[in-house]
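Hi there,

Here is the structure I promised to pass on. Have a look at it first, and then read my notes below.

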Amino acid sequence: QVQLVESGGGLVQAGESLRLSCAASGRTVSNSDMGWFRQTPGKEREFVGAIDRDGAVPVYRDILKGRLTISRDNARNTVYLQLDRLKPEDTAVYFCAAQRSGSWNSVEAWRYWGQGTQVTVSS
């Protein structure tokens, strides 16, 4: 069993940057792909990006390329998401996920999920 806890969310101004963390416990995730998703009320959870187990191959949603960086520190069992030049439409609850079996961008492909952290971007 893996427990995931996201942190780093909050209220930020448009144009600023935000770095979210996802700390894993219960079992190492160093051999697991890790993903990030986000969700706004009334909408489906959408793929943000992911990173492979070695941290060598990040996968980013096309519309976020250029603003998004996903990295990991396997020694700390932690994955990071940095989103630059934030926009009000980035406002969402951000979730991390672990252990993929399927398409990177499919919610159903990921086995473990955190509770999410709220990010609110004011204009």
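A contact here means that heavy atoms lie within 4.5 Å. With that in mind, of the contacts in the chain with a separation of 6 or more, 55% are between residues 24 or more positions apart. Please remember that this is a predicted model.

The C-alpha trace spans about 40 × 30 × 25 Å along its principal axes.

Of the 123 residues, 41% are buried. The accessible surface of the chain is about 6,300 Å², and carbon and sulfur atoms contribute 45% of that. As for charge, there are 15 positive and 13 negative side chains, with 2 Å between the centres of the two sets.

I also looked at one residue in detail, glutamate 108. It sits in the loop between β9 (92–100) and β10 (110–113). Is glutamate 108 buried or exposed? Its relative accessible area is 70%, and exposed means over 50%, so glutamate 108 counts as exposed. Its side chain makes a polar contact of 3.1 Å with the side chain of serine 106. Alanine 23, by contrast, is 85 residues away from glutamate 108 along the chain, and their C-alpha atoms are 21 Å apart.

Best wishes

Conventions
Residues numbered from 1 in each chain as written. Predicted model: local features only at pLDDT ≥ 70, side-chain atom pairs only at ≥ 80, totals over all residues. Heavy atoms only, no water. Helix = DSSP H or I, 4+ residues; strand = E, 2+ residues; numbered from the N terminus. Buried < 20%, exposed > 50% of the residue type's maximum accessible area, 1.4 Å probe, protein only. Polar contact = N/O pair within 3.5 Å; in protein donor to acceptor, adjacent residues only side chain to side chain. Areas by Shrake-Rupley, 256 points an atom, 1.4 Å probe, with all protein chains shown as cover. Lys, Arg positive; Asp, Glu negative; His and termini not counted. Charge placed at Lys NZ, Arg CZ, Asp CG, Glu CD.
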